[in-house]
Amino acid sequence: MKRITYLGTGVVLAAITGAALSSVSHSGGAAAGPGRSGAVTPSATLLRMPSMNNPLVDLAPKSSLQVIKGIKTVAPEVPPPVTREQNKIVEYELTVRETAGKIAPNLNYLSLWTFDGVAPGPVMRVKVGDVIRFTLRSDTKNVTSHNIDFHFITGACGGCADTGIKPGQSKTIEVRALYPGLFMYHCAYNQEGNMAAVHIANGMYGFLIVDPKEPLPAVEHEFMLVESEFYVDNAGPGRGICSLDALMNENPTYIFFNGKSAELNPPLTIHVNDRVRLYMGHGGVNGFAAFHVIGAIFDKVYPDGGTSDAPREHGIQTVTVPAGGATIVEFVAPVPGKLTAVDHNLSRVFFKGLGQVINVVGAPNHEIYESLAPAGSTPYEPEIRMPGIASSWAHTIR
Ligand SMILES: [Cu+2]
């Protein structure tokens, strides 16, 4: 099989001399070449390399790859790890739907803009070196235009330059996943009066996993948590729309995991001594997260969601995750009880709705944790309040 090789020295030379590098050579592929790019001269030998640190040293030409359908899930579920050795062309399609949805117990958000009807959008998963043949569609009932910017894409606007669509339209791009890790995607449409920040605030964000060449070690559980913000104007009893004032002031009304207040996110269940891998992404629009699991300590952290490098190990309590960024963490829970994944900017938990309970079931281990309280004592349960929606919403996460 003919293989394409990235030549790192070519990048150094080009950077020093300013010399133009030649384009990718495709055997029979119609996607590259002067007809499409209009600016570069094809060469049979030399390729551009996007980074000196790229662990992917060679790529199979697109024309040699089999085509498969990609698997999508809704967070907290993630698609199964990609363990195949051969790269593929993975077909994915998302449909933009402008809809409405319940984001908290008594709040129907009327301007919920989504990929595939869910906010956050579906979790997708490929392997480094794969080609993603991605189609973005827009439902005919939509009102405004949209596009998509994938953070895993090396290319103009992460793909948004070539995916702008009006209602009823669709566009397709083919893009290579050059780095492994956890990557955000989001609408970046910034015309027709609605800035990209509005599209994201209304729900147009999600995450895609690019598995490394050597899969991460198998674990008992993988879950996805996406932190994001809603900026809400009251639009009537139990109804809300996007507040431009709150959005411009970077003052979110609610901050959630997986697009819903904590009480609408069912607890996850694991067993004592299970290893858990959490894919955690921050969809923004604006905040930084201090990602923490109450009652657990991370023993592997892939900083900023990149899996090219070895993880940091042992004894990490809280991880910084910026808007548009991600992390991947692992922990083992050796004793039973309730864990809660949070942003340790705790006003977001106690007043703005964020949290995900993880119940650990199994036998106690008194060598690690033992309560010496009198028998029959009531365990402490925090009370969570979300003022501004309805006072009756003071509730307890159990
Ligand atoms: Cu949009």
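Asp 304 is partly exposed, with 16 other C-beta atoms within 10 Å. Here a residue is called buried if 20 or more other C-beta atoms lie within 10 Å of its own, exposed if 12 or fewer, and partly exposed in between, with C-beta atoms placed from the backbone. Asp 304 is not a glycine, yet its phi is positive, at about 60°. You will find Asp 304 in the loop between β20 (298-302) and β21 (312-316).

This is a predicted model, in which local features need pLDDT of at least 70 and side-chain atom pairs count only at pLDDT 80 or more, while totals for chains, interfaces and linings use all residues. Residues are numbered from 1 along each chain as its sequence is written.

Now turn to Asn 258, another residue other than glycine with a positive phi, near 55°. Asn 258 sits in the loop between β16 (254-257) and β17 (268-271). Is Asn 258 buried or exposed? Asn 258 counts as buried, because it has 21 C-beta neighbours inside 10 Å.

## The protein as a whole

The protein has five helices and 27 strands. Both are DSSP runs numbered from the N terminus: helices are H or I with at least four residues, and strands are E with at least two. Of the 398 residues, 40% count as buried.

Two residues are in contact if their C-beta atoms, placed from the backbone, lie within 7 Å. Among the contacts with a separation of 6 or more, 72% come from residues 24 or more positions apart.

Pro 76 lies in the loop between β4 (72-73) and β5 (89-104).

The peptide bond from Ala 119 to Pro 120 is cis too, with omega near 5°. Pro 120 belongs to the loop between β6 (107-115) and β7 (123-127).

## Strand β25 and its sheet

Strands of a sheet pair through backbone hydrogen bonds, either parallel or antiparallel. In this report, two strands pair if DSSP finds at least two bridges between them. β17 and β25 pair in the parallel sense over four bridges. Leu 268 has Ile 358 of β25 as its bridge partner, and His 271 stands opposite Val 361 in β25. Strand β24 (residues 337-343) runs antiparallel to β25, joined by five bridges; Thr 340 stands opposite Val 357 in β25.

Together, five strands form an open sheet with mixed pairing, in the order β17-β25-β24-β19-β22. β17 and β22 (318-322) stand at the edges with a single partner strand each, so one side of each has no neighbour in the sheet. From one strand to the next, the twist averages 25°, taken between N-to-C directions of lines fitted to C-alpha atoms, on a scale from 0 to 180 degrees.

## The nonpolar core

A nonpolar core is a set of buried Ala, Val, Leu, Ile, Met, Phe, Trp, Tyr and Cys residues joined through C-beta atoms within 7 Å. The largest one has 85 residues, and those touching the most other members are Phe 183, Phe 207, Leu 208, Val 210, Met 224, Leu 225 and Tyr 279.

Beyond its neighbours within four places in sequence, Met 224 is in contact with Ala 75, Pro 76, Val 78, Val 123, Phe 207 and Tyr 279.
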